[in-house]
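Me: I'd like to go through this model with you, contact by contact. Can you start with the charged side chains and then move on to the rings?

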Amino acid sequence: FHSIEKLKTHFDSFVEGKEATATAETLLEGFDAVLQLSERFNLSSFEQLIILLTAALELEPNFRVLMAKVQGNPRKSYATLGIALATLPDADLSVLSLQSPLHYWQLIHTEAGGILTDAPIAIDRRILCYLLGQPALDRYLTDRVTPIAAVEAHSLPASYQAIAQQL
């Protein structure tokens with residue numbers, strides 16, 4: 001993901017004390033899956049960046065080391081809402097609300113206890129899989145739902161094929 005590299009550069013600049021010049025649009029450019037997610041869940045650009053940040057922690061092996069550098073503590077190799085608010089463009093305190101799409105739809109998880117802005121955040125597995133183009137059922141549905149193969153249009157009765165083509 002090119003967006004993860006841009007985000008890494010953004011945080012490297014922060015660690016080096018340089019002024020960050022990247023916009024949310026620049027950091028998210030080319031990460032189409034996040035844009036699709038944004039349309040479905042009405043995410044702000046800042047919330048999209050939080051999704052990118054939490055995905056980067058899962059996908060980029062050295063991102064945890066970078067987070068420790070950002071926090072100035074080798075034991076804090078995780079992202080927090082506080083880091084996001086302090087370092088990412090278009091920061092918005094509404095992400096702290098349970099009504100924020102990130103929390104309401106459980107796109108990310110915040111570790112319970114302690115200070116909200118200092119608690120580790122993580123992307124939900126089904127969202128990470130969606131970003132990677134891999135199907136994933138919600139863990140609460142796996143015991144209740146059985147995936148079925150898609151029905152081919154040519155196996156439908158002729159009267160249904162016309163309707164399927166219209167859809």
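Reply: The side chains of Asp 124 and Arg 126 form a salt bridge with an N to O distance of 2.9 Å, where a salt bridge is a side-chain nitrogen of Lys or Arg within 4 Å of a carboxyl oxygen of Asp or Glu. Please keep in mind that this is a predicted model, in which local features need pLDDT of at least 70 and side-chain atom pairs count only at pLDDT 80 or more, while totals for chains, interfaces and linings use all residues. Residues are numbered from 1 along each chain as its sequence is written, and side-chain values use heavy atoms, with hydrogens and water left out.

Me: Is Asp 124 buried or exposed, and what about Arg 126?
Reply: Asp 124 counts as buried because its relative accessibility is 10%, whereas Arg 126, at 21%, is partly exposed. The classes are buried for under 20% relative accessible area, exposed for over 50%, and partly exposed in between, with a 1.4 Å probe and protein chains only.

Me: Where does Asp 124 lie, and what does it touch?
Reply: Asp 124 lies in the loop between β2 (121–123) and α8; helices (H or I, at least four residues) and strands (E, at least two) are DSSP runs, numbered from the N terminus. Leaving out residues up to four places away in sequence, Asp 124 touches Gln 106, Leu 107, Ile 108 and His 109, with contact meaning heavy atoms within 4.5 Å.

Me: How many salt bridges are there in the whole structure?
Reply: The search finds five. One of them joins the side chains of Lys 6 and Glu 29, at 3.6 Å from N to O. That pair links distant parts of the chain, since Lys 6 is in helix α1 and Glu 29 is in the loop between α2 (24–28) and α3 (32–41), 23 residues apart.

Me: And how exposed are Lys 6 and Glu 29?
Reply: Lys 6 is buried, with a relative accessible area of 16%, while Glu 29 is exposed, with 55%.

Me: What about Lys 8 and Asp 12?
Reply: Their side chains also meet in a salt bridge, at 3.2 Å from N to O. Lys 8 and Asp 12 are four residues apart in helix α1, so about one helical turn separates them. Lys 8 counts as partly exposed at 26% relative accessibility, and Asp 12 is partly exposed with a relative accessible area of 26%.

Me: OK, rings now. How many aromatic pairs are there?
Reply: The count comes to three aromatic pairs, under a rule in which rings of Phe, Tyr and Trp (its six-membered ring) pair if their centres lie within 6.5 Å, and planes under 30 degrees apart count as stacked, over 60 as edge-to-face and the rest as tilted. Phe 11 and Phe 63 form an edge-to-face pair, 6.1 Å centre to centre with 90° between the planes. Phe 11 lies in helix α1 (residues 2–15) and Phe 63 in helix α5 (residues 63–71), so this pair ties together parts that are 52 residues apart in sequence. Both Phe 11 and Phe 63 are buried.

Me: Which other residues of α5 are buried, and what do they pack against?
Reply: Besides Phe 63, the buried residues of α5 are Leu 66, Met 67, Ala 68 and Val 70. The buried residues of α5 pack against α1, α4 and α6 (81–87). After α5 comes Gly 72, whose phi is positive, near 70°.

Me: Which residues form the aromatic cluster?
Reply: Phe 41, Tyr 104 and Trp 105 form one aromatic cluster. Tyr 104 counts as exposed at 52% relative accessibility, and Trp 105 as partly exposed at 43%.

Me: Last topic, Tyr 130: where is it found, and which residues does it touch?
Reply: Tyr 130 is found in helix α8 (residues 125–131), and it counts as partly exposed at 26% relative accessibility. Not counting residues up to four places away in sequence, Tyr 130 touches Ala 33, Gln 36, Leu 37 and Arg 40. Tyr 130 and Ala 33 are 97 residues apart in sequence and 7.6 Å apart in space, C-alpha to C-alpha.
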